[in-house]
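Please walk through this fold step by step.

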Amino acid sequence: MNEKKYDVLALGELLIDFTENGVSGQGNPIYEANPGGAPCNVLAMLNKLGHKTAFVGKVGVDIFGKRLKEVLDQVGIDTQGLLMDPDVRTTLAFVQTFADGDRDFSFYRNPGADMMLRADELKTEMFQECRIFHFGTLSMTHDAVRAATKKAISTAKESGALISFDPNLRPPLWASLDLARQQVDYGLRQCQILKISDNEIQWFTGKEDFDEGIRFLQETYQIPLILLSMGKAGSRAYYKDLRVEKAPYLQKNTIETTGAGDTFGGSCLHFVLKYGLDQLDEEKLTEMLSFANAAASIITTRKGALKVMPEEKEVKELMETT
């Protein structure tokens, strides 16, 4: 892949995940303010693996927005594309964690700063200087930010970037699931790299069998690399006529799964940057999934994701000892 200023550029939501962290003396849940947002979680993992990354999005000029910018600077994500809007508040998400580590989200985002990004605010040169452009659907829920996302995609594609897409479906944020389906369809038509979860593939295709759902996507959209995350069942990669599956690295001390899919996705993009998209084979895909599963497993033992992504050494140690 050609030398560019950024290995991966992402656009989307940057927010605070308020995650449950114990109970007060009065029996009330205590929430910890963790920096989050799927696109930045992906970038944070890539930074840990030595890549040059940048983020495009919007936060408010409030205590949370200022804190989020500080965190991105700390972890090494370029913030020249991060806008701070004095007229709207930073988006917040409250995360309810269940006994099995799974979770549910309640968003405070009507409006939230991330959905107020406009196409005329984009720095075009950033999208011309990335090897991979990554996005999800939270930046496609409303008209203005949707237009910004589509402009970003077209600019990046014209400059030869690979397009990476993670639907990251959050039903409460959509006016209707029909609109969500339309925008997922748009993303699928743009990308060469798709990371999709088990419940998303079933929802979008209507097929319970994952292989049948992936086959539908391959035939309809001609996506070269599809990465399927299946939680406790592991993951699969579909590339040309190859189907590679790897078991998960299950942890006894899992506390929550927030950011696990993003950690997995960022790790997979690391191997695309390493090997390219044209010459992948079963050995490389196996290496990719093994590493990504291990990294995702580690993040389930930590609160939040963006600030606590694992080091490459940690991931390899887990792979060697499990």
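Where is arginine 109 found? Arginine 109 sits in the loop between strand 7 (103-108) and helix 3 (124-128). Helices (H or I, at least four residues) and strands (E, at least two) are DSSP runs, numbered from the N terminus. This is a predicted model, in which local features need pLDDT of at least 70, side-chain atom pairs count only at pLDDT 80 or more, and totals for chains, interfaces and linings use all residues. Residues are numbered from 1 along each chain as its sequence is written, and side-chain values use heavy atoms, with hydrogens and water left out.

Is arginine 109 buried or exposed? Arginine 109 is buried, with a relative accessible area of 7%. Buried means under 20% relative accessible area, exposed over 50%, and partly exposed in between (1.4 Å probe, protein chains only). The side chain of arginine 109 makes a polar contact of 2.8 Å with the side chain of aspartate 114. A polar contact is a pair of N or O atoms within 3.5 Å; within protein, one must be able to donate a hydrogen and the other to accept it, and residues adjacent in sequence count only if both atoms are side-chain atoms. A polar atom of the arginine 109 side chain also lies 2.6 Å from the backbone oxygen of leucine 138. Leaving aside neighbours within four places in sequence, arginine 109 is in contact (heavy atoms within 4.5 Å) with Thr91, Asp114, Met115, Leu138, Thr141, His142 and Leu173.

Nine strands form an open sheet in the order 5-4-1-8-9-10-11-12-13, with mixed pairing. Two strands pair if DSSP finds at least two bridges between them. Strand 5 (78-85) and strand 13 (242-246) are the edge strands, each pairing on one side only. Neighbouring strands are turned by 15° against each other on average, direction ignored. Axes here are lines fitted to C-alpha atoms, for helices over the stretch in contact, and angles run from 0 to 180 degrees between N-to-C directions. Strand 1 (residues 6-11) and strand 4 (residues 53-60) pair in the parallel sense over four bridges. Valine 8 has threonine 53 of strand 4 as its bridge partner.

Follow strand 9 (162-166) next. Five of its five residues are buried. Leu162, Ser164 and Asp166 lie on one side, Ile163 and Phe165 on the other. In a regular strand the side chains alternate between the two faces of the sheet. Strand 9 pairs with strand 8 (130-136) in the parallel sense over five bridges. Here glycine 136 has aspartate 166 as its bridge partner. Strand 8, helix 4 and strand 9 make a right-handed β-α-β unit. A crossover is right-handed if, with the strands pointing away from the viewer, the path from the first strand over the helix to the second runs clockwise.

Helix 4 (residues 143-158) lies across strands 1, 8 and 9, at about 155° to strand 8. Helix 6 (residues 198-205) lies across strand 9, strand 10 (193-197) and strand 11 (225-229), at about 95° to strand 10.

Finally, the cores. A nonpolar core is a set of buried Ala, Val, Leu, Ile, Met, Phe, Trp, Tyr and Cys residues joined through side-chain atoms within 4.5 Å. The largest has 53 residues, and Leu14, Ile193, Leu225 and Leu227 have the most contacts inside it. Helix 9 (residues 282-299) gives the largest share of this core, 10 residues. Apart from it lies another core of 42 residues, among them Phe135, Leu179, Ile201 and Ile226.
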